Amino acid sequence: MKKILIANRGEIAVRVMKTAQKMGIKTVAIYSTVDRNAPHVRFADEAVLIGEAPSSESYLLGDKIIEVAKELGADGIHPGYGFLSENADFAEAVENNGLIFIGPKSAAIRTMGSKLAAKEAVKQYKIPMVPGIDEAISDVKKAKAIAKEIGFPILIKASAGGGGKGMRIVEEEKNLESQMNRAISEATSAFGDGSVFIEKYVSSPRHIEIQIMADTHGNILYFFERECSIQRRHQKVVEEAPSVILTPQLRAKMGEAAVDVARACDYVGAGTVEFLMDASHNFYFLEMNTRLQVEHPVTELITGVDLVALQIKVARGEKLSITQEELKIMGHAVELRVYAEDPLNEFLPSVGMLETYKLPKGEGVRVDNGFEEGMDVPIYYDPMLSKLIAYGANREEAIQRMLKAIDDYKIEGVMTTLGFGKFVFDHEAFRSGNFDTHFIKNYYSPQALLKEAREEAKIAAIIALKQYNKDQNKVRIPTT
Ligand code: MV4
């Protein structure tokens with residue numbers, strides 16, 4: 001591979017290009033009209049305007065992107081995350097045009113894109129699954145019988161859904177029929193596929209995912225876990241690696257289960273296997289994400305590998321050159337997604353111009369960033385500005401470095417999740433490691449954030465006053 005096109009924008013486009021550059025591979029950026037001056041455009045060796053601002057007229061135009069790649073002589077396409085990254089038809093079209101899709105084969109994307117197909121595929125392996133059914137259900141009577149068997153509360157999920165879309169909790173039998181009908185009609189209109197299934201509802205789970213990497217020679221490695229329980233509306237905000245609750249035994253068991261999931265669909269490339277973990281530390285396979293994930297840096301920091309470099313190598317047909325035994329967890333990493341959103345107003349996007357934009361630096365601090373001072377945050381795309389990642393020899397050091405980096409990160413012009421991140425990393429529940437997917441619902445409110453900010457302002461005021469008094473003493477000139 002001599003030249004690759006990056007079918008994405010923002011921090012992830014820059015992230016992929018950095019590794020390509022290190023590997024001596026030329027890069028092609030694509031961009032929409034509003035992204036003309038974006039860092040990913042300037043970072044690339046070549047850049048091509050692909051269309052108008054809305055994604056449907058630019059970053060989602062698969063055929064046009066393939067055309068551009070061919071015209072410029074690129075031999076591979078890296079899709080990043082989001083946009084076309086989990087579009088099986090796109091992956092297939094890329095291959096059919098004689099280009100390398102830096103990701104899994106379209107069949108694996110397709111299988112994992114359907115929850116029911118995924119369950120079916122992993123059946124031959126002993127992967128722990130939440131009690132429930134593994135086929136679409138539309139008969140209410142049958143659903144009632146199953147629900148009784150597994151016990152309420154149950155969860156109705158859409159087979160084609162992802163990231164929590166189309167899920168419904170049913171607490172008691174009398175609500176089952178109406179909820180089921182709603183779930184089916186919602187799934188039909190949202191995904192064009194009304195298939196739903198039923199699972200036991202795990203009430204306070206942790207979300208733990210395993211990073212895997214597979215080559216084309218049958219080797220599959222796991223790169224340990226990421227703890228991603230701190231989410232709001234199925235959007236992750238804080239991630240870390242490793243998880244404070246896994247023992248080496250449990251880690252190996254989950255790692256091996258993840259490898260089996262990958263094997264079950266002939267996986268190639270970087271992938272993530274998501275698990276739920278209940279309060280008794282039982283884990284259950286949820287779904288597999290067939291892309292490089294936003295939170296991959298925490299894994300890179302604790303394992304010392306470059307996941308994008310490995311993606312490119314296995315896409316070229318190379319063998320993974322490391323063994324599972326050689327992989328070790330070193331230290332601890334935490335990540336905060338820095339969004340242009342207002343934590344005081346329901347996390348609504350806060351777009352505008354970045355009047356001040358200064359990145360933090362320092363030992364153990366990494367910023368995967370897609371913006372710079374003076375730029376506008378476009379309304380058309382995900383409002384994530386950057387990912388702030390802190391690494392330390394242990395969890396405490398990583399958190400301290402994160403808190404310092406949050407303080408040193410200067411953003412004016414838009415509201416951001418930086419202060420919210422400080423709230424999380426300072427919180428007793430996070431510090432103790434005793435939290436689950438309900439962290440934000442249980443502990444966060446705008447009032448709590450304001451209270452912390454006020455207390456800090458108070459302390460700052462006291463320190464300033466003390467210093468003022470001290471200075472006054474020093475320069476006081478006796479008048480009598
Ligand atoms: C569940 C669950 C509880 N029980 N399945 C949410 C997104 C999708 N990937 C699956 N999800 C869940 N599935 C059963 N049987 C709870 C969730 C869930 C969740 C999972 C991971 C991280 C955050 C979450 C927030 C709410 C619900």
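Visitor: Which is Cys 265, buried or exposed?
Guide: This is a predicted model, in which local features need pLDDT of at least 70, side-chain atom pairs count only at pLDDT 80 or more, and totals for chains, interfaces and linings use all residues. Residues are numbered from 1 along each chain as its sequence is written, while side-chain values use heavy atoms, with hydrogens and water left out. A residue counts as buried under 20% relative accessible area, as exposed over 50%, and as partly exposed in between, with a 1.4 Å probe and protein chains only. Because its relative accessible area is 8%, Cys 265 is buried.

Visitor: How many disulfides does the count come to?
Guide: A disulfide is taken here as a pair of cysteine sulfur atoms within 2.5 Å. The sulfur of Cys 228 has its closest cysteine sulfur in Cys 265, and because the two are 19 Å apart, they are too far for a bond. By this rule, the number of disulfides is 0.

Visitor: What is the relative accessible area of Cys 228?
Guide: Buried residues make up 53% of the 480 residues in the chain. Cys 228 is buried too, since its relative accessible area is 0%.

Visitor: What radius of gyration does the chain have?
Guide: The radius is taken over C-alpha atoms, and the globule rule is 2.2 Å times the number of residues to the power 0.38. With 480 residues, a compact globule would therefore have a radius near 23 Å, and the chain agrees with this, at 24 Å.
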